[in-house]
Each structure stands twice: as C-alpha cells, then as structure tokens.
Amino acid sequence: MRYLIFLLVLFFTSCDCVYEARGTVVDEQGKPLDSVVSYMKGRAPYDYNKSDTTGEFEVNEITGFDCGCKGVVFVRRGYDTLTVKIDNMDTVVVKMKKVK
C-alpha cells in the first residue's frame with residue numbers, strides 16, 4: 001500500500017511541464033518594441049511580462065501535462081493585439097502592426 005501511495009505521489013508531482021518561449025518584438029520596419037506585454041492565452045492578463053528596450057521578451061509558465069504549442073498574446077498601445085502560437089522552447093521574432 002505504501003508503495004502504491006508513493007507511486008501516485010511521484011506521478012502527480014512530476015507531471016508539471018514548464019513552457020518557455022522567448023524572442024524579439026519588432027514593428028513593421030523591424031525596429032525593436034519595448035514595453036510590449038506578453039502572456040499566455042487563457043491566463044490572467046495581469047500575470048504578464050514586458051519586452052525590454054531591445055524588444056526581447058520571455059514567457060515562462062507551468063502548464064501541467066501539456067507542453068505543446070501555446071498561444072502567446074502580445075499587447076502594446078497603438079498596435080494591434082496579436083496572438084502567436086509558439087512551440088515550447090522556441091525563439092521567435094514577432095512583428096506587430098500599428099493600429100490604423
């Protein structure tokens with residue numbers, strides 16, 4: 001019985017997946033955009049990250065059993081909100097368009 005409980009505890013505590021995505025956010029001319037808010041689609045938008053002055057961003061989340069492709073939302077005033085599907089551990093360049 002103890003062995004079974006040990007296996008169950010081990011199984012349920014070792015199934016967390018850490019999703020990581022990083023990259024650069026640029027405008028239509030390829031210039032880095034700072035202060036772009038990025039967060040996982042379906043998560044609370046107050047749990048976010050911002051791109052730095054070189055446009056670099058990083059999203060890290062514990063996603064449970066699923067480590068596959070996730071939607072990452074990018075938001076900045078004056079630009080269209082963008083959702084990009086990014087595979088776990090990928091590095092991408094995200095191009096944002098100005099609102100017309």
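E61 lies in strand β4, residues 56-64. Strands here are DSSP runs of E with at least two residues, helices are runs of H or I with at least four residues, and both are numbered from the N terminus. E61 counts as buried because its relative accessibility is 12%. The cut-offs are under 20% relative accessible area for buried, over 50% for exposed, and partly exposed in between, with a 1.4 Å probe and protein chains only. What does E61 touch, leaving aside its neighbours within four places in sequence? It is in contact with C17, V18, Y19, M40, R43 and D47. Contact means heavy atoms within 4.5 Å.

This is a predicted model, in which local features need pLDDT of at least 70, side-chain atom pairs count only at pLDDT 80 or more, and totals for chains, interfaces and linings use all residues. Residues are numbered from 1 along each chain as its sequence is written, and side-chain values use heavy atoms, with hydrogens and water left out.

Now the overall layout. The protein has one helix and seven strands. Along the sequence, the pattern reads α-β-β-β-β-β-β-β. Of its 100 residues, 31% count as buried. Among contacts with a separation of 6 or more, 52% are between residues 24 or more positions apart. The protein exposes about 6,900 Å², and carbon and sulfur atoms supply 55% of that. These areas come from the Shrake-Rupley method with a 1.4 Å probe; for residues, only the protein chains shown count as cover.

Next, the sheet. Four strands form an open sheet in the order β3-β2-β5-β6, with antiparallel pairing. The edge strands are β3 (49-50) and β6 (82-86), each pairing on one side only. Two strands pair if DSSP finds at least two bridges between them. Strand β5, residues 70-75, runs antiparallel to β6 and is joined to it by five bridges. One place to look is V72, whose bridge partner in β6 is V84.

In soluble globular proteins, nonpolar side chains tend to be buried together.

Follow F74 next. Leaving aside neighbours within four places in sequence, F74 is in contact with a list of residues including V25, F57, I86 and M96. The F74 contacts also include S38, D80 and T81.

The loops hold some backbone details. Most residues other than glycine have a negative phi. S35 has a positive phi, near 60 degrees, and is not a glycine. S35 sits in the loop between β1 (17-26) and β2 (37-40). Its relative accessible area is 37%, so S35 is partly exposed. M89 also has a positive phi, about 70 degrees, although it is not a glycine. M89 is in the loop between β6 and β7 (91-95). With a relative accessible area of 56%, M89 is exposed.

D87 is found in the loop between β6 and β7. D87 is partly exposed, because its relative accessible area is 40%. How far apart are D87 and A21 in sequence and in space? They are 66 residues apart in sequence and 7.3 Å apart in space, C-alpha to C-alpha.
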